[in-house]
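Keep the sequence and the 3D view at hand while reading.

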Amino acid sequence: MGRVFAYCRVSTAEQTTDNQVHEIRAAGFNIEPRRVVAECVSGSVAASQRKGFAKLRDRLEAGDVLVVTKLDRLGRNAMDVRSTVEDLERAGIRVHCLALGGADLTSAAGKMTMSVLSAVAEFERDLLLERTAAGIARARDGGKLLGRPRALGEKQEAQARERLAQGHSIASIARDLHTSRQTVMRLRSRYEQAAS
């Protein structure tokens, strides 16, 4: 059997990876302290973009074992975890997850578990998209304005259109209305489109 490594991650500096290390050792993995890689990085960052994980990946060789306490330590979502596990498997590295009963994610049973988890994650994502679309449609039907709030009120827009028609500069209009030049330029574009 190759070397055994542990990858432990927390999201904030106030947290510690001590519990993860303890859990891995309690599960029977005897890991040397120099083979425990711990880092503080948000779970929203893909595994491939984490400095600590990248250094660990450089150290891992065929026949080695990587242990994590939970799948979310390994990636930001099911697709990221799956991609990371597949990359490690291609390199001949086994991945064990304690939250899944210590299953080797590169084994046949582990791959099946990963497929089920990916399917569930995709299903949840699709449900979220459907609920979001339904909520937006309901809000629109109810007359709610969506998107970014307008930078200028109706009265200010009328003043800006009038001054644009008089030939005032965009910068002077923006300065007088306490807004950005981009806002005035967008208003001018809308005004020109409506006129044509």
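## Helices H6 and H7

In this predicted model, H6 and helix H7 (residues 181–195) pack with their axes 8 Å apart, at an angle of about 115°. Angles from 65 to 115 degrees count as roughly perpendicular, and H6 and H7 are therefore roughly perpendicular to each other. Their crossing is right-handed.

On the H6 side, the contact is made by Ile-170, Ala-171, Ile-173 and Ala-174. H7 contributes Arg-181, Val-184, Met-185 and Arg-188. Sorted by class, the contact of H6 with H7 has six nonpolar residues and two charged ones, with no polar residues.

## Helices H5 and H6

Helix H6 (residues 170–177) also packs with helix H5 (residues 154–165). Here the angle is about 155°, and the axes are 10 Å apart. Angles over 145 degrees count as roughly antiparallel, so H5 and H6 are roughly antiparallel to each other. The crossing of H5 and H6 is right-handed.

H5 brings Gln-156, Gln-159, Ala-160, Arg-163 and Leu-164 to this contact. From H6 come Ile-170, Ser-172, Ile-173, Asp-176 and Leu-177. The contact of H5 with H6 has five nonpolar, three polar and two charged residues.

## The nonpolar cores

Which residues touch the most other members of the largest nonpolar core? They are Tyr-7, Phe-53, Leu-56, Leu-66 and Leu-74, out of 20 residues in this core. Two or more residues each are given by strand S1 (4–10), helix H2 (51–59), strand S3 (65–68), helix H3 (78–90) and strand S4 (94–97). H3 supplies the largest share, three residues.

Leu-56 can be looked at in more detail. Leaving out residues up to four places away in sequence, Leu-56 touches Phe-5, Tyr-7, Val-37 and Leu-66.

Is Asp-18 buried or exposed? Asp-18 has a relative accessible area of 53%. Exposed means over 50%, so Asp-18 is exposed. The residue lies in helix H1 (residues 18–26).

Asp-18 and Asn-30 are 12 residues apart along the chain. The C-alpha atoms of Asp-18 and Asn-30 are separated by 15 Å.

Key. Residues are numbered from 1 along each chain as its sequence is written. This is a predicted model: local features need pLDDT of at least 70, side-chain atom pairs count only at pLDDT 80 or more; totals for chains, interfaces and linings use all residues. Side-chain values use heavy atoms; hydrogens and water are left out. Axes are lines fitted to C-alpha atoms, for helices over the stretch in contact, and angles run from 0 to 180 degrees between N-to-C directions. Helices (H or I, at least four residues) and strands (E, at least two) are DSSP runs, numbered from the N terminus. Angles under 35 degrees count as roughly parallel, over 145 as roughly antiparallel, 65 to 115 as roughly perpendicular and the rest as oblique. A crossing is left-handed if the near helix is turned anticlockwise from the far one by less than a right angle, and right-handed if clockwise. Contact means heavy atoms within 4.5 Å. Ala, Val, Leu, Ile, Met, Phe, Trp, Tyr, Cys and Pro count as nonpolar, Asp, Glu, Lys and Arg as charged, and the others, Gly among them, as polar. A nonpolar core is a set of buried Ala, Val, Leu, Ile, Met, Phe, Trp, Tyr and Cys residues joined through side-chain atoms within 4.5 Å. Buried means under 20% relative accessible area, exposed over 50%, partly exposed in between (1.4 Å probe, protein chains only).
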